[in-house]
Amino acid sequence: AGGVAVGVWLAMRSGVRLDRLGTAFTYLGYAVPNFWLAALLLWFADAPHLVLGHLVDVAPYVSFGDPLFEVGTLAKLALPTAVLSTTLFASQLRYTRAETLEHLGTDLVTQLRAYGIGDRGVARHLLRLSAPLLLSLFVVDLFSVLVVAVFVLEYVFDLPGFGSLAYGAIVGRDVPMLLGTTMVIAIVGVLGHTLSDLATLALDPRTREGEL
């Protein structure tokens, strides 16, 4: 949601210095590896000479059985969440900005401006046009992040999650567990793309023309 909102906002102000800064941040979010960013944030959080080190407790980390909605547990999950969201935020910002810029020069925007509709109304109409494509790209990015990045982040942050379970199965050559985790990934991928196709049918009536 944040990437979409910022992407539209930057596209409506294309060419200004803030737009160039946002574009640079997008490429930086893609370029920085998640495991390096995780290690850097851990160093900042645990450094005794930094103020952040007195605010974030990084050891011990969360474990099975900890209450999820307690302040301490949420604080310990803040750094992994920030790292995991970096790639998704950058990708949604980039896609939304590109799609919005593509539609800004169309006759639709000219007509909306002629009716006296402001930037917020124009952005809402452009998002309706871009929603099917943005949703499909979001599902692909989310699946790739959860499958690839979660393994690295759980190892760096020492989190007892799905990635740690699959990694332990690989190291221990536990074939049944490895097959089970692989099946979970495949099922989640199929269900995710199915839900994305159904949502596209609901968002874009043009995709239902072949059924009529």
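User: Which helix gives the largest share of the lining of the second largest pocket?

Analyst: This is a predicted model, where local features need pLDDT of at least 70, side-chain atom pairs count only at pLDDT 80 or more, and totals for chains, interfaces and linings use all residues. Residues are numbered from 1 along each chain as its sequence is written, and side-chain values use heavy atoms, with hydrogens and water left out. Helices here are DSSP runs (H or I, at least four residues), numbered from the N terminus. α2 (17-31), α3 (34-46) and α7 each supply at least two lining residues, and the largest share, four residues, comes from α7.

User: What is the volume of the second largest pocket?

Analyst: A pocket is an open set of points on a 1 Å grid over the protein atoms alone, where a 1.4 Å probe fits, with protein on both sides within 12 Å along at least five of seven lines; lining residues have an atom within 4 Å of a point. Grid points are joined across faces, edges and corners, and a volume is the space filled by probe spheres set on the points. The lining here includes Gly29, Asn34, Thr87 and Val145. The volume is about 170 Å³.

User: How many charged residues are in the lining of the second largest pocket?

Analyst: Ala, Val, Leu, Ile, Met, Phe, Trp, Tyr, Cys and Pro count as nonpolar, Asp, Glu, Lys and Arg as charged, and the others, Gly among them, as polar. The lining has eight nonpolar and three polar residues, and the number of charged ones is none.

User: How far apart in space are threonine 87 and asparagine 34?

Analyst: Threonine 87 lies in helix α5 (residues 78-104). Leaving aside neighbours within four places in sequence, threonine 87 is in contact (heavy atoms within 4.5 Å) with Gly29, Asn34 and Val145. Threonine 87 and asparagine 34 are 53 residues apart in sequence, yet their C-alpha to C-alpha distance is 8.1 Å.

User: Which helix gives the most to the lining of the largest pocket?

Analyst: The largest pocket holds about 210 Å³ of space. Its lining counts 14 residues, with Phe143, Leu146, Val147, Val188 and Gly189 nearest the centre. By class, 11 are nonpolar, three polar and none charged. α7 (119-157) and α9 each supply at least two, and the top contributor, with seven residues, is α7.

User: Is serine 196 buried or exposed?

Analyst: Serine 196 sits in helix α9 (residues 175-203). Not counting residues up to four places away in sequence, serine 196 touches Leu135, Ser136 and Val139. Buried means under 20% relative accessible area, exposed over 50%, and partly exposed in between (1.4 Å probe, protein chains only). Serine 196 has 6% relative accessibility, so it counts as buried.

User: What is the phi of arginine 173?

Analyst: Arginine 173 lies in the loop between α8 (162-171) and α9. At 75% relative accessibility, arginine 173 counts as exposed. Most residues other than glycine have a negative phi. Arginine 173 is not a glycine, but its phi is positive, about 55°.

User: How do the rings of phenylalanine 25 and phenylalanine 89 pair?

Analyst: Rings of Phe, Tyr and Trp (its six-membered ring) pair if their centres lie within 6.5 Å; planes under 30 degrees apart count as stacked, over 60 as edge-to-face and the rest as tilted. By this rule there is one aromatic pair. It links phenylalanine 25 in helix α2 with phenylalanine 89 in helix α5, 64 residues apart. The ring centres are 5.9 Å apart and the planes are at 75°, so the pair is edge-to-face.
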